[in-house]
Amino acid sequence: MSEQRAVNNENAKPYLQIDRLTKKFGDFAALDNVSLDVIEGEFIFFLGPSGCGKTTFLRAIAGLDIQTSGTVHQAGKDISALPPSERDFGIVFQSYALFPNLTCERNIAFGLENQKFSKADIDNRVSELLEMVGLPDQGKKYPAQLSGGQQQRIALARALATSPGLLLLDEPLSALDAKVRIRLRHEIKELQQRLGVTTVMVTHDQEEALAMADRIVVMNQGVIEQIGTPTEIYREPSSLFVADFIGAMNQFKGRAGSKNTATIGDVTFVSQEHDLQQDTPAVVAIRPEDIVPHGDGTGSQGAAESGPSENTFDALVKEMEFLGSFWRVSLSNASLGDASMVIDMSINAVRQMDVAIGNSIKVEFPSNRLWVFPPDADTG
């Protein structure tokens, strides 16, 4: 999947084109033959665990780490060999990288001064940007006099000062506390939409990516696992890695059946179509919120029922965790072997169904939400 491409609109012209990008450090390939098209005005996220190559990818686009092979085109121009100073981008780092000895105004003005703008134009632009990021009265202060969230806004204003064609954000919110992070991500998304600037953001925070992105590039070990909208990535994972990394996922060791069935323990379920060979090891997966409760369970922990509700069975409530807006309930069924599962249930459903530890409830694995994947190497 290292050469996966996707665009929002087949007729839209890519603004940023990355073709077969590879970056090696000795024998280690931090990026392995990666290709990607980014549409003008798009907000795209590189998402993945530490060491997956996402920051290396961003730095290669910026020219901070020149690729070993492959090309980068921006607005139709080959920028593959250009130094960072000759590339049209603004960048915001996790550490903000503000100059501590300069006021906020001077920090924002830095790039404009280097480009020899007039003092009047610089003053006007700095005032406009301070207003834009909601800090019109903070220009005379030094970075140390601001909160972390305010410093990040100044760093964002500085990156936007020269009106770059491309904005690069390297985990810009990870150093902030949760409430500030949530507020700023909405502000950044709104600002990006208002300006229409093509933006690439690196994060390991799946919630951040799902909330902000037009599209997400999920990376793993230097390659692209999947590209898609937040809904596509979450609801239609293309691999076990994506399914496991994005959101919570029940996973059961099982065996593949026909093209749309799989077996867990002694029970065969109808599933999404898969291309695994029959009777080969598989991981059967379903999200906690996709398991459907069906009234009171009165039967024993037996096998799945036949007929239209072939994926319905009784399960024993083992544990219950109250998470404020819903309950996360742990279930088991002897016919599924030693597998346990969790189901997310609304407070009303728990109350109406009298769900309690030791009780049995009837649940369903909807076939269109049950995924069958080949096992990852480390899961067997």
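# Sheets, helices and cores at a glance

Phe46 sits opposite Val202 in strand E8. On another strand, E9, Phe46 stands opposite Val217. Keep in mind that this is a predicted model.

- E3 is mostly covered, with 5 of its 5 residues buried.
- Which residues cover the two faces of E3? Phe43, Phe45 and Leu47 are on one side, Ile44 and Phe46 are on the other, and all of them are buried.
- E3 and E8 run parallel and are joined by 5 bridges.
- Leu47 has Val218 as its bridge partner in E9.

**The six-stranded sheet**

- E3 belongs to an open sheet of 6 strands, in the order E6-E7-E8-E3-E9-E10, and the pairing is mixed.
- On average, neighbouring strands here are turned by 15° against each other, ignoring direction.
- Helix H1 (residues 54-62) packs on this sheet and touches E3, E6, E7 (166-170), E8 (198-203) and E9.
- The direction of H1 makes about 150° with that of E7.

**The four-stranded sheet**

- There is also an open sheet of 4 strands, ordered E2-E1-E4-E5, with antiparallel pairing.
- Strands E2 (28-39) and E5 (77-78) are at the edges of this sheet; each has a single partner strand, so one side of each lacks a neighbour in the sheet.
- E1 (residues 14-25) and E2 pair in the antiparallel sense over 8 bridges.
- Within this pairing, Leu16 stands opposite Val38 in E2.
- H1 turns up here too: the helix lies across E1 and E2, running at about 115° to E1.

- Helix H2 (residues 104-114) has Cys104, Asn107, Ile108, Ala109 and Leu112 buried.
- What do the buried residues of H2 pack against? They pack against helix H3 (119-132) and H4.
- At the H2-H4 contact, Cys104, Asn107 and Ile108 from H2 meet Ile154, Ala157 and Arg158 from H4.
- The axes of H2 and H4 come within 7 Å and cross at roughly 25°.
- That angle makes H2 roughly parallel to H4, because angles under 35 degrees count that way.
- The H2-H4 crossing is right-handed.
- Just after H2, Lys116 takes a positive phi of about 65°.

**The nonpolar cores**

- The largest nonpolar core has 44 residues, and Phe45, Ile108, Ile154, Leu156, Leu169 and Ile216 touch the most other members.
- Helix H4 (residues 148-160) gives the most to this core, with 6 residues.
- A second, separate core holds 30 residues, including Val284, Ile291, Phe313 and Ala349.
- Which residues does Leu169 contact, neighbours within four places in sequence aside? Leu169 is in contact with Phe43, Leu58, Val92, Leu156, Ile188, Thr199, Val200, Met201 and Val202.

- Lys189 lies in helix H5 (residues 178-195).
- Is Lys189 buried or exposed? Lys189 has a relative accessibility of 13%, so it counts as buried, since the cut-off is under 20%.
- Not counting residues up to four places away in sequence, Lys189 touches Phe43, Met212, Ala213 and Asp214.
- Thr280 is in the loop between strand E13 (267-270) and strand E14 (281-286).
- With 25% relative accessibility, Thr280 counts as partly exposed.
- Thr280 and Arg255 are 25 residues apart along the chain, yet 5.4 Å separates their C-alpha atoms.
- Setting aside neighbours within four places in sequence, Thr280 is in contact with Gly254, Arg255 and Ala256.

Definitions and conventions
Residues numbered from 1 in each chain as written. Predicted model: local features only at pLDDT ≥ 70, side-chain atom pairs only at ≥ 80, totals over all residues. Heavy atoms only, no water. Core = buried A, V, L, I, M, F, W, Y, C linked by side-chain atoms within 4.5 Å. Buried < 20%, exposed > 50% of the residue type's maximum accessible area, 1.4 Å probe, protein only. Contact = heavy atoms within 4.5 Å. Pairing = 2+ DSSP bridges. Axes fitted to C-alpha atoms, helices over the stretch in contact; angles between N-to-C directions. Parallel < 35°, antiparallel > 145°, perpendicular 65-115°, else oblique. Left-handed = near helix turned anticlockwise from the far one by under 90°.
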